[in-house]
Amino acid sequence: MIYDYLIVGAGLFGAVCARELTDAGKRVLVIERRGQIGGNCADEVRDGIRISLYGGHIFHTNSRRIWDYVNRFSEWQQYEHRVKAVYQGVVYSFPPNLMTCQQLGVEPGPEADFIIKERFFRGYTEKQWGRPLENVPASVIKRIPIRSTWDDRYFDDRFQGLPVDGYSAMIARMLDGVDVELCADYLADREYYDSRARRTIYTGPLDALYGHDCGRLEYRSLIFQHTRHDTDSWQGCATMNYTEKCVPFTRTTEWRYMWRTPKLGHTWVTHEYPAAYDGTNEPYYPVGDARNNALHRQYSERAKREGLIVGGRLGSYMYINMDQAIASALALVEKLV
């Protein structure tokens, strides 16, 4: 059978495209290089505690349309993410707010801004991105708010939460009735997979698609270390940021606090270690500076000339949130159908 659309990648963007195209009467095949669906949102239950395999993902949006859309595929538990930051052994309220200023003994203003930048942003950002703070795109820094209120929530969107039975289950419902093939490497045999459909939607990195023949796009990677601890509570909160550059990991997540799991006598904690991307590990964060964006435009124009449809965080080479990925997938399908 020849499909109308081949979708490369079973993450959130690809799953939304697959759902909408299928509902529009199109025949869709989704292929995924990994052995499970869900992309970087994939999760699983270990010893009664749900953990995210590729770091924490909190759904938040100001769009009623997007919130209503995800509610089609899951029940949601209310969850407002609150993070703590550790600097030289002291735990601070984070993102920076009036409580943080009180802990630092300063009033909001230029002095506080300088101290906050040096203690909480410089070391963390430089180890996360592998370059001086001044060379990190400003859009990355702006993702973290600095508040002149007592509000210590990480996000202030109208709608925030976690799917009750996890993102993998939510995405599985999106893909209900859609043909899905796992452990299918599109780049290993592009000609074969393209021959199975009239059009292809590609959600992977574009430089890899073309064998990096115009140059390599820069990404940052991560190493996740999941550890079981035989105690009810290991750090007492969902996420702790470690902002000093000398600490090798950027943050730790204790999952039972995120998913509101009752005490079980054990807990699971994930350490996140930033890593350089070498082409063999996973590309997580696009380095969206001028050189890389120009190179990505070059690859994008080439893909467009070939009739290839490109999207998702890796395909678009953009550091986007989940609601933005869903919105862009909906907009794409509206154009296609």
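Colleague: Is E9 mostly covered or open, and how many of its residues are buried?

Modeller: Strand E9 is mostly covered, with five of its five residues buried. Buried means under 20% relative accessible area, with exposed over 50% and partly exposed in between, using a 1.4 Å probe and protein chains only. Strands (E, at least two residues) and helices (H or I, at least four) are DSSP runs numbered from the N terminus. Please note that this is a predicted model: local features need pLDDT of at least 70, side-chain atom pairs count only at pLDDT 80 or more, and totals for chains, interfaces and linings use all residues. Residues are numbered from 1 along each chain as its sequence is written, and side-chain values use heavy atoms, leaving out hydrogens and water.

Colleague: Which residues are on each side of E9?

Modeller: Phe159, Gly161 and Pro163 lie on one side, Gln160 and Leu162 on the other, and all are buried.

Colleague: Which strand does Thr61 belong to, E5 (residues 59–61), and how many bridges join E5 to E9?

Modeller: Three bridges join E5 to E9, and the two run antiparallel; Thr61 has Phe159 as its bridge partner in E9. Strands pair if DSSP finds at least two bridges between them. E6 (residues 76–78) also pairs with E9 in the antiparallel sense, over three bridges, and Trp76 stands opposite Pro163.

Colleague: Changing topic, where is Arg153?

Modeller: Arg153 is in the loop between helix H5 (138–141) and strand E9 (159–163).

Colleague: Why does Arg153 count as buried?

Modeller: Arg153 counts as buried because its relative accessibility is 18%.
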